[in-house]
Amino acid sequence: MIKISKTAWLWYLLAGIVILLDQVSKHAVSANLEMHSPVIFTSFFNFTLMHNHGAAFSFLSDAGGWQRYLFSGLAAVVSIGLVIWLARIPAEKRWEPIALALVLGGAIGNLYDRVTLGYVVDFIVVHYNDYYWPAFNVADSAISIGAIMLLIDALVSPNTEKPSPEKN
């Protein structure tokens, strides 16, 4: 049985907040926008309701439906791994568990869409002239920010493992 640290509950709460923000934003956009009709905020930013049946950047979106189960399974396995990882992180760490909680919340937010709707609701669109970044959502943003934080953590955190003495 996994012993969950007291601080892990804080990170689970953060993941829950990400899920809540993601789902509330997706429901609001779905209820108030027409499919593929942009609501323009600036010359480079708009909301456009889209349904993504694939993965990141609509990868495999036209694969016939089997990808829903593949991506749902992957998200579920990754989420379970992240829950366990967060349970085992020492209480003094802050950067790594925040990053993991963001990734966990984003993964579960998109997993919920995939399981209940069969697709992920995307709506945030950033572009420059006719060059468009693929539409994304709050969950995707959390996953991206968490992944960047993990990379930064891996690059700048001191290695706490001591080298083993060489044997003669």
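Ala, Val, Leu, Ile, Met, Phe, Trp, Tyr, Cys and Pro are counted here as nonpolar, Asp, Glu, Lys and Arg as charged, and the others, Gly among them, as polar. The model is predicted, so that local features require pLDDT of at least 70 and side-chain atom pairs pLDDT 80 or more, while totals for chains, interfaces and linings use all residues. Residues are numbered from 1 along each chain as its sequence is written, and side-chain values use heavy atoms, without hydrogens and water.

By these classes, the lining of the second largest pocket comprises five nonpolar, two polar and four charged residues. A pocket is an open set of points on a 1 Å grid over the protein atoms alone, where a 1.4 Å probe fits, with protein on both sides within 12 Å along at least five of seven lines; lining residues have an atom within 4 Å of a point. Of the 11 lining residues, K93, E96, D153, A154 and S157 lie nearest the centre. Two elements, α3 (95-117) and α4 (138-156), each give two or more residues to this lining, and α4 provides the largest share, three residues. Helices are DSSP runs (H or I, at least four residues) numbered from the N terminus.

These two helices also pack against each other. Their axes, lines fitted to C-alpha atoms over the stretch in contact, are 7 Å apart at an angle of about 150 degrees on a scale from 0 to 180 degrees between N-to-C directions. α3 is therefore roughly antiparallel to α4, a term for angles over 145 degrees. Contact means heavy atoms within 4.5 Å; W95, E96 and I98 are among the α3 residues that take part, and I152 and D153 among those of α4. This contact has 15 nonpolar, three polar and three charged residues.

Definitions and conventions
Parallel < 35°, antiparallel > 145°, perpendicular 65-115°, else oblique.
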